[in-house]
Amino acid sequence: MPTAVRIRRTGGPEVMELAEVEVGDPGPGELLVDVAAAGVNYIDTYHRSGLYPLELPVSLGQEGAGTVAAVGEGVTEFKPGDRVAWQSQHGSYATQVRVRARVAVPVPDGVSDEVAAAVLLQGGTAHYLTRSTYEVKAGDDVLVHAAAGGTGLLLTQLIKAHGDRVIGTVSTEEKAKLAREAGADDVIRYDQVDFAEETRKLTGGEGVAVVYDGVGKNTFDGSLASLRVRGTLVLFGASSGPVPPVDPMALSRAGSVFLTRPTGVHYHRTREELTWRASEVFQSVVDGSLKIRIGHRYPLAEAGQAHEDLHARRTSGKILLIP
Ligand SMILES: NC(=O)c1ccc[n+]([C@@H]2O[C@H](COP(=O)([O-])OP(=O)(O)OC[C@H]3O[C@@H](n4cnc5c(N)ncnc54)[C@H](OP(=O)(O)O)[C@@H]3O)[C@@H](O)[C@H]2O)c1
């Protein structure tokens with residue numbers, strides 16, 4: 001019988017339980033996949049805590065990679081034995097899961113199952129944030145928060161690939177080293193110093209063209225204060241908690257800046273968009289220009305510990321659950 005990490009009520013990591021689940025045959029347009037690795041993403045903690053409400057009970061996890069065991073009616077793109085990766089599929093913290101074929105992509109040779117599970121969601125995110133939400137340009141100074149995190153390390157590398165300057169924020173010396181290895185030109189210990197002041201100093205008083213802020217509540221005001229006139233604040237997450245309502249005049253006072261709160265689904269609107277982003281990300285992995293750091297692996301039964309470590313800022317790079 002397949003097992004999955006399930007919640008019956010929302011709350012802290014203790015509400016997660018490993019349970020035997022009925023997966024059933026794949027329905028029309030679906031794949032049944034034997035999961036090799038499941039990616040842990042911050043959004044999973046919002047589903048668990050109830051910040052993003054889901055109908056309960058529900059199996060957690062959005063992302064993974066594995067081998068197709070069976071395909072449902074109408075599936076032509078995949079067949080049993082194919083290696084696939086997917087995102088936006090509930091129940092991915094599991095030994096087996098039914099995946100909608102339209103959210104799955106083939107995993108190319110040269111990319112392991114673990115790396116595929118590690119890069120699809122956060123890599124696709126870093127891709128859309130730097131290519132579509134705000135297209136980073138040569139000469140831009142860019143501030144990336146939590147630069148040693150799963151998304152942060154990928155953002156840093158993708159921005160550097162365009163030749164731009166990255167200033168990263170981190171909370172430990174070990175994370176500072178990882179951010180530098182990923183290409184950050186300057187690293188600020190935002191747990192120790194005022195990062196907005198430091199960013200102004202590093203940019204000769206000008207401020208940065210864009211801030212990528214997945215931290216939210218604790219960084220939002222400082223992020224606004226770090227921007228140059230007509231800069232862009234890309235608020236893409238809330239690892240420190242949600243940002244309270246914003247007075248539009250605050251954007252004016254900050255220098256007529258732009259604020260956007262993007263979400264993945266609006267940047268993966270079609271199958272073409274998903275496969276475009278995934279194939280570019282996988283290609284960068286294959287050609288060695290994008291390095292994937294899998295910082296932590298846990299068995300499925302320790303998914304609660306993975307969430308605790310993520311909350312406690314003990315992780316860097318990608319966290320995987322290995323069934
Ligand atoms: N909008 C989208 O499409 C999208 C997609 C993927 C991810 N995201 C968002 O991106 C953010 C990063 O996600 P991720 O999965 O890559 O996680 P992550 O960056 O690997 O982990 C979160 C990091 O946030 C930093 N942080 C700062 N204050 C924190 C606090 N009070 N509690 C916990 N962490 C804190 C920590 O880094 P330091 O120790 O260096 O401070 C921590 O390691 C999340 O907000 C997530 O929701 C959004």
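Asp 82 and Lys 79 form a salt bridge, with their closest N and O atoms 2.9 Å apart. A salt bridge here is a side-chain nitrogen of Lys or Arg within 4 Å of a carboxyl oxygen of Asp or Glu. The count by this rule is 19 salt bridges. This is a predicted model, where local features need pLDDT of at least 70, side-chain atom pairs count only at pLDDT 80 or more, and totals for chains, interfaces and linings use all residues. Residues are numbered from 1 along each chain as its sequence is written, and side-chain values use heavy atoms, with hydrogens and water left out.

**Salt bridges**

- Asp 82 is buried, at 18% relative accessible area. Buried means under 20%, exposed over 50%, and partly exposed in between (1.4 Å probe, protein chains only).
- Arg 83 and Asp 113 meet through their side chains in a salt bridge of 2.6 Å, N to O. Arg 83 lies in strand 6 (residues 83–86) and Asp 113 in helix 2, so this pair ties together parts 30 residues apart in sequence.
- Helices (H or I, at least four residues) and strands (E, at least two) are DSSP runs, numbered from the N terminus.
- Arg 83 is partly exposed, at 26% relative accessible area. Asp 113 counts as buried, at 19%.
- Lys 177 forms a salt bridge with Glu 181, with the closest N and O atoms 3.1 Å apart. The two sit four residues apart in helix 4, so about one helical turn separates them. Both Lys 177 and Glu 181 are exposed.
- A network of salt bridges links Arg 6, Arg 8 and Glu 17.

**Packing of helix 2 and helix 3**

- Helix 2 (residues 113–133) packs on helix 3 (residues 150–161) at an angle of about 45°, with axes 9 Å apart. Axes are lines fitted to C-alpha atoms, for helices over the stretch in contact, and angles run from 0 to 180 degrees between N-to-C directions.
- The two helices are therefore oblique to each other. Angles under 35 degrees count as roughly parallel, over 145 as roughly antiparallel, 65 to 115 as roughly perpendicular and the rest as oblique.
- Helix 2 contributes Val 119, Gln 122, Gly 123, Thr 125, Ala 126, His 127, Leu 129 and Thr 130 to the contact, and helix 3 contributes Gly 150, Thr 151, Leu 154, Leu 155, Leu 158 and Ile 159. Contact means heavy atoms within 4.5 Å.

**Buried residues and their contacts**

- Thr 199 is found in helix 5 (residues 195–202). Thr 199 is buried, with 0% relative accessible area.
- Beyond neighbours within four places in sequence, Thr 199 is in contact with Leu 143, Ile 167, Ile 188, Val 208 and Ser 226.
- Ser 171 sits in the loop between strand 10 (165–170) and helix 4 (173–181). Ser 171 counts as buried, at 14% relative accessibility.
- Leaving out neighbours within four places in sequence, Ser 171 is in contact with Arg 189, Tyr 190, Asp 191 and Arg 313.

**Backbone features**

- Leu 56 and Pro 57 are joined by a cis peptide bond, with omega about -5°. Pro 57 is in the loop between helix 1 (42–49) and strand 4 (58–59).
- Ser 88 is not a glycine, yet its phi is positive, near 60°. Ser 88 lies in the loop between strand 6 and strand 7 (96–100).
- Arg 230, also not a glycine, has a positive phi of about 65°. Arg 230 is in strand 13 (residues 227–235) and is exposed, at 62% relative accessible area.
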